[in-house]
Amino acid sequence: AQSVTQLGSHVSVSEGALVLLRCNYSSSVPPYLFWYVQYPNQGLQLLLKYTSAATLVKGINGFEAEFKKSETSFHLTKPSAHMSDAAEYFCAVSVSGANNLFFGTGTRLTVIP
Amino acid sequence: ETGVTQSPTHLIKTRGQQVTLRCSSQSGHNTVSWYQQALGQGPQFIFQYYREEENGRGNFPPRFSGLQFPNYSSELNVNALELDDSALYLCASSRLGFQVNTEAFFGQGTRLTVV
């Protein structure tokens, strides 16, 4: 069985500050890991994905995430927050690629000007 | 823009009624997955359709059913609606083949309110 825990349902950062959104996963087999972003009244947009290649994954909009097997983590970071980054972020895990994704409960990012 | 379209965008139904939600998959994709996202929660997998057959199902009762058509578009049907069925319903389009698929594109969703 797979599951995802996102620590912190709300995170606030100042514009220009580091963004760190935490995700820990549980999986009995090597996982595929994803970060999605959801803007108000929108669907989900893929930010980045880990597919057992490089452990440091770069995504869109300056985001990146590092897969750490020893810590069962896949935290999302961005060096400098922009106002447009304000949204809900979801971490997801799967053992079959992008099928049957198990999502976390989400982290709402607020960017303070 | 992903090319996955869902209709309608909003819907209000009465408890006990039936509802049909529609999804057009992205060109070249042969698989559609449906997710339910309750307010303040992450999406939960309902089921997936591949080549017109159900290809995996989450923990949802049989009153949630689906169809996939030869053009790979899909419908989600929910019978005997309950108040807890109020949610955003998301459709995701992808392509299954010999290699593991790692791309799923989501539509904008249908907001269902059951009163």
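The model is predicted: local features need pLDDT of at least 70, side-chain atom pairs count only at pLDDT 80 or more, and totals for chains, interfaces and linings use all residues. Residues are numbered from 1 along each chain as its sequence is written, chains are lettered from A and ligands numbered from 1 in the order in which they are written, and side-chain values use heavy atoms, with hydrogens and water left out.

Chain A contributes 20 residues to the contact, and chain B contributes 20 residues. Contact here means heavy atoms within 4.5 Å. About 1,600 Å² is buried between the two chains, and carbon and sulfur atoms give 49% of this area. Leu44(A), Ala98(A) and Asn99(A) supply 27% of the area that chain A buries against chain B, more than any other three residues. Buried area is the accessible area (1.4 Å probe) that two parts lose on being put together, summed over both.

Five residue pairs are in polar contact between chain A and chain B, both residues being at pLDDT 80 or more. A polar contact is a pair of N or O atoms within 3.5 Å; within protein, one must be able to donate a hydrogen and the other to accept it, and residues adjacent in sequence count only if both atoms are side-chain atoms. On the side of chain A that touches chain B, β5 (32-38) and β6 (44-50) each supply at least two residues. β5(A) gives the most, with four residues. Strands, like helices, are DSSP runs numbered from the N terminus (strands E, at least two residues; helices H or I, at least four). This side of chain A divides into nine nonpolar, ten polar and one charged residue. Ala, Val, Leu, Ile, Met, Phe, Trp, Tyr, Cys and Pro count as nonpolar, Asp, Glu, Lys and Arg as charged, and the others, Gly among them, as polar.

The whole structure holds eight salt bridges over all chains. Glu103(B) lies in the loop between β9 and β10 (105-106) of chain B and Lys49(A) in strand β6 of chain A, so this pair joins two chains. A salt bridge is a side-chain nitrogen of Lys or Arg within 4 Å of a carboxyl oxygen of Asp or Glu. The closest N and O atoms of Glu103(B) and Lys49(A) are 2.6 Å apart. One salt bridge is found across the interface. Glu103(B) is partly exposed at 29% relative accessibility, as is Lys49(A) at 24%. Buried means under 20% relative accessible area, exposed over 50%, and partly exposed in between (1.4 Å probe, protein chains only).

Within chain B, Glu75(B) and Arg22(B) form a salt bridge (3.5 Å, N to O). The pair links distant parts of the chain, 53 residues apart: Glu75(B) is in β8 (residues 74-78) and Arg22(B) in β3 (residues 19-24). Glu75(B) is buried at 14%, whereas Arg22(B) is partly exposed at 42%.

Strand β4 (residues 31-37) of chain B has seven of its seven residues buried. Thr31(B), Ser33(B), Tyr35(B) and Gln37(B) lie on one side, and Val32(B), Trp34(B) and Gln36(B) on the other. β4(B) runs antiparallel to β5 (residues 44-50) of chain B, joined by six bridges. Strands pair if DSSP finds at least two bridges between them. Tyr35(B) has Phe45(B) as its bridge partner in β5(B). Seven bridges pair β4(B) with β9 (residues 87-94) of chain B, also in the antiparallel sense. There, Ser33(B) is partnered by Ala92(B).
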